[in-house]
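Here's a quick briefing to read alongside the model. Have the sequence and the 3D view open as you go.

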Amino acid sequence: MILDGKVPSGHITEKWDKHRFEMKLVSPANKRKYKILVIGTGLAGASAAASLAELGYQVEVFTYHDSPRRAHSIAAQGGINAAKNYPNDGDSIWRLFYDTVKGGDFRARESNVYRLAQVSNNIIDQCVAQGVPFAREYSGYLANRSFGGAQLSRTFYARGQTGQQLLLGAYSAMMRQVGLKNIILHTRTEMLDLVVINGIARGIVTRNLLTGKIESFVGDAVVLATGGYSNVFFLSTNAQACNVTATYRAYKRGAFFANPAFTQIHPTCIPQSGEHQSKLTLMSESLRNDGRVWVPKNPGDKRKPTDIPEEERDYFLERMYPSYGNLAPRDIASRAAKRVCDEGRGVGPTGNGVYLDFSDAIKRLGKKVIEERYGNLFEMYERITGDNPYETPMMIYPAPHYTMGGLWVDYNLMSNLPGLHVIGEANFSDHGANRLGASALMQGLADGYFILPYTIGHYFATTKLEKVTTDHPEFKKCEEEVKERINKIMSIKGKKTPTQFHRELGKIMWNYCGMSRNEEGLKKALDLVPQLREEFWNNLTVVGEEGDLNIVLEKALRVADFLEFAELMLWDALERNESCGGHFREEHQYPDGEAKRDDENFCHVAAWEYTGVGNKPIRHIEPLTFEYVPLTIRSYK
Amino acid sequence: MKVKLHIWRQKNNKEKGKFETYELNNVLEDMSFLEMLDVLNEKLILEGKEPVAFDHDCREGICGACSLTINGIPHGPEKATTTCQLHMRKFKDGDEIWIEPFRAKAFPIIKDLVVDRSAFDRIIQAGGFISVNTGQAPEANSILVPKQNADNAMDAAQCIGCGACVAACPNGAAMLFVGAKVSHFAYLPQGQPERKLRVLKMVEQMQKEGFGNCSNLYECEAACPKEISVRFIALMNRDYLKASCSEEKLEVINNE
Ligand SMILES: Cc1cc2nc3c(=O)[nH]c(=O)nc-3n(C[C@H](O)[C@H](O)[C@H](O)COP(=O)(O)OP(=O)(O)OC[C@H]3O[C@@H](n4cnc5c(N)ncnc54)[C@H](O)[C@@H]3O)c2cc1C
Ligand code: SF4
Ligand code: FES
């Protein structure tokens with residue numbers, strides 16, 4: 001099937017305005033009659049819930065956290081982009097649009113990216129009005145800095161805690177609506193299934209994490225804002241609970257999953273120290289503004305970094321990408337690090353590490369400035385590794401970080417299942433095959449504050465919804481299926497823990513579907529994953545009771561979905577027989593090791609349709625056309 | 001290294017809890033405290049026993065979920081560090097470690113080390129915001145904020161809502177948490193219109209939730225992983241006093 005993204009006609013600069021005019025409206029009095037279920041309270045979910053409730057819709061919000069403020073968005077450090085051009089360095093909406101399309105290696109929908117750049121400025125206005133304490137100049141004006149993949153300063157930040165401050169802004173806007181009784185909030189409640197009635201998404205089935213109670217909720221629309229799936233790799237920079245269940249379950253109910261193989265490996269994370277490790281910690285990319293990345297020129301050089309003289313160091317990013325240097329985009333910087341480590345020049349106990357060195361910056365700017373810019377990051381690094389980055393260079397290595405893939409949505413952010421809207425990292429998004437730094441926060445808030453609130457109204461105004469309650473047989477059926485799944489998991493009584501399975505799955509995915517991929521490896525993984533899944537269903541152990549707070553059961557349910565989802569990711573990586581952005585197929589590279597796209601055959605979004613566990617899903621495509629940013633080789637040299 | 005753990009186990013809010021003792025033999029220095037507990041939990045699961053329930057998520061010291069009292073100190077011995085960022089290199093071979101939940105009247109225990117901190121959300125809900133709807137905002141640079149004020153606001157806004165301040169306070173007071181939020185907005189021009197109403201509503205809700213009173217012991221500041229300063233409590237007290245004899249107070253009373 002050829003999918004239609006429903007992109008409005010007209011010049012790209014006018015599409016969104018025109019569309020806003022053409023969309024049907026719901027009158028204020030009628031808004032109250034519609035109930036919207038929002039799953040997730042990260043930047044996307046909280047901003048959407050608040051904005052929809054302000055408009056007058058009835059909103060119910062769900063999160064598995066104990067408080068909405070704990071959503072994974074809280075952990076974003078570096079910043080948020082906008083095309084304000086405050087530094088007067090030549091930025092514009094067009095340039096942000098251009099950079100994002102190019103950064104995504106021409107695998108995003110142009111019209112969506114343009115709209116994202118357009119609303120980026122409103123986001124900053126909104127956040128400032130909410131009291132987000134962005135960094136300021138002495139004059140009182142907002143400060144900016146540069147970030148990976150951009151040659152100008154368009155990033156707004158709140159020390160190293162931008163995500164936290166933006167989320168607290170959205171969270172407090174949402175809590176205000178909870179207080180006004182416009183939103184009903186359900187915490188410690190996990191969505192385990194989507195209910196589709198006559199082809200339309202009408203509700204969800206949840207598990208109360210404290211009591212185990214399985215419940216149904218009905219709505220006129222369902223909004224998934226459930227984040228990304230980097231934890232399919234087990235070790236990633238994501239929070240422990242991040243998982244794919246909500247979007248994967250929607251996929252199993254008929255929503256198409258787009259570009260699942262597009263995952264981002266972040267270049268600046270603290271290298272793994274041992275098997276016990278539960279996560280990898282990101283060191284904000286903003287560090288690359290002042291830090292210089294290097295490895296010894298000679299393989300096996302075991303001297304202390306401070307003992308290695310300047311001429312025996314290889315500042316490989318500056319050497320390979322002179323115009324962007326240490327700020328080369330993430331996929332490029334990550335692969336370059338892997339390449340030098342594969343050559344035996346990696347540092348640290350495992351040899352999987354490169355230096356990120358601040359000594360020049362400290363000399364140039366003084367310790368005080370560096371402390372002001374990165375103090376809390378340096379402290380965090382020292383706490384984890386025991387090393388002091390003011391004295392010795394940091395060690396970093398790439399780690400899974402973000403997932404560009406997600407549920408397919410049209411221009412209105414609605415999936416192919418009517419009524420199911422998907423926002424934030426959970427949708428397949430505007431970042432194409434690679435996301436630029438500081439643009440996930442921008443996208444999550446754009447979707448939630450400024451796009452969905454308009455487009456969902458159009459859906460209501462143009463759709464005749466039948467009246468249903470949770471007594472509808474589809475709800476009962478779905479509840480039964482969820483209960484059955486839980487009973488099955490509880491009754492295996494095998495010998496391995498959910499975490500053991502998760503770790504094994506992570507290794508398979510990292511080895512064969514990680515930073516670089518090839519046909520042989522992907523085929524091998526397509527053998528290994530079903531075997532592991534088989535073992536899971538025969539040898540898993542879950543202790544405790546189902547009707548209680550049960551952390552093992554929670555984890556087991558999430559791992560069960562990862563074990564199916566992984567196969568989907570592998571299919572996508574295998575069938576996308578080209579390299580682009582974060583998807584690097586070893587078969588397709590230029591002699592210098594750069595990714596080689598195949599625009600003739602793969603200039604499209606791949607959206608997968610579920611056909612049963614273990615079966616190969618059906619690959620649909622949405623062709624991508626580039627009218628405004630001509631397809632070119634993405635060079636950062 | 002080897003450690004002996006005494007961990008609070010409690011089936012639910014109704015049953016009484018008690019310490020259980022566990023020994024772990026191969027703990028590595030590089031492990032975080034929670035990774036050490038992961039090792040214990042994996043072991044317990046394989047023995048068919050229920051693992052220790054505790055809240056956690058980001059493991060980067062920012063989400064505020066982790067909440068253990070370690071050897072009597074909320075978040076443990078290392079200054080300005082959350083439980084999840086505490087590493088085993090801070091302990092020695094043979095150490096005995098006592099692990100309890102954050103204890104406070106307003107944080108009922110749910111199970112083992114998990115407590116209910118939703119009272120914090122209800123305080124925010126009562127007034128911890130600026131009432132601006134999406135779309136109403138003026139151009140960002142039309143609101144100037146002196147750098148000093150922005151920095152002060154940020155110092156206060158860094159609070160992660162973990163509740164260690166409450167757990168550390170002998171009275172179970174939430175003054176540091178509430179003071180931080182009140183001050184965050186009080187330092188910003190955007191926060192001025194609702195400044196009085198905000199402090200009144202938040203303090204009123206705080207009292208309803210059963211948090212204790214402040215007797216200036218500063219245990220909260222010492223336990224706070226984000227080093228939120230008690231000067232924000234002073235600011236809140238001043239604001240509260242001023243607001244108590246203002247028009248806004250009447251409004252709050254009339255809405256009761
Ligand atoms: C360490 C780190 C640093 C980052 N730094 C930056 C940065 O500097 N700039 C930038 O632009 N981006 C950054 N990112 C990326 C960015 O933070 C995320 O992409 C973004 O915050 C995702 O927001 P979200 O609202 O889509 O989802 P999330 O914030 O992940 O929220 C997901 C929500 O869904 C809920 N949920 C999920 N599944 C279920 C379910 N089944 N049932 C109920 N609830 C569910 C969760 O409880 C949560 O509330 C960073 C990411 C990481 C990991
Ligand atoms: S003030 Fe400190 S201790 Fe209290 S909730 Fe905030 S961060 Fe935690
Ligand atoms: S787990 Fe998030 S702060 Fe500790």
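Asn71(B) sits in the loop between β3 (68-70) and β4 (73-74) of chain B, where strands are DSSP E runs of at least two residues and helices are H or I runs of at least four, both numbered from the N terminus. Its phi is near 50°, a positive value in a residue other than glycine. This is a predicted model: local features need pLDDT of at least 70, side-chain atom pairs count only at pLDDT 80 or more, and totals for chains, interfaces and linings use all residues. Residues are numbered from 1 along each chain as its sequence is written, chains are lettered from A and ligands numbered from 1 in the order in which they are written, and side-chain values use heavy atoms, with hydrogens and water left out.

**Positive phi**
- Most residues other than glycine have a negative phi.
- Asn71(B) is partly exposed, with a relative accessible area of 36% (buried is under 20%, exposed over 50%, partly exposed in between, using a 1.4 Å probe and protein chains only).
- Asn88(A) also has a positive phi, near 60°, and lies in the loop between β3 (80-81) and α4 (93-103) of chain A.
- Asn88(A) is exposed, at 64% relative accessible area.

**Thr81(B)**
- You'll find Thr81(B) in the loop between β4 and β5 (95-101) of chain B, and it is buried, with a relative accessible area of 2%.
- Its side chain makes a polar contact with the side chain of Arg383(A) at 3.3 Å (N or O atoms within 3.5 Å; within protein, one must be able to donate a hydrogen and the other to accept it, and residues adjacent in sequence count only if both atoms are side-chain atoms).
- The Thr81(B) side chain also reaches the backbone oxygen of Lys79(B), at 2.8 Å.
- Leaving aside residues up to four places away in sequence, Thr81(B) touches Arg383(A), His75(B), Leu86(B) and Pro225(B), contact meaning heavy atoms within 4.5 Å.

**Ligand 1**
- Ligand 1 lies between chains A and B.
- It is surrounded by 38 residues, and the closest are His72(A), Ser73(A), Gly78(A), Met191(A) and Glu425(A) (near means a heavy atom within 4 Å).
- Oxygen atoms of ligand 1 come within 3.1 Å of a polar backbone atom of Leu43(A) and 3.0 Å of a backbone N or O atom of Ala44(A).
- A nitrogen atom of ligand 1 is 3.5 Å from a polar backbone atom of Tyr64(A).
- Taken alone, ligand 1 exposes 1000 Å², and the protein buries 98% of that (Shrake-Rupley areas with a 1.4 Å probe; for residues, only the protein chains shown count as cover).

**Ligand 2**
- Of the 13 residues around ligand 2, Cys159(B), Cys162(B), Gly163(B), Cys165(B) and Cys224(B) come nearest.
- Two helices of chain B, α4 (164-168) and α5 (175-186), each supply at least two residues of the shell.
- That shell has eleven nonpolar, two polar and no charged residues (nonpolar: Ala, Val, Leu, Ile, Met, Phe, Trp, Tyr, Cys and Pro; charged: Asp, Glu, Lys and Arg; polar: the others, Gly among them).

**Helix α16(A)**
- Of the 25 residues in α16(A), 22 are buried.
- At its start, a side-chain oxygen of Asn550(A) reaches to within 3.0 Å of the backbone nitrogen of Val552(A).

**Chain B overall**
- Chain B has nine helices and seven strands, and buried residues make up 60% of its 256 residues.
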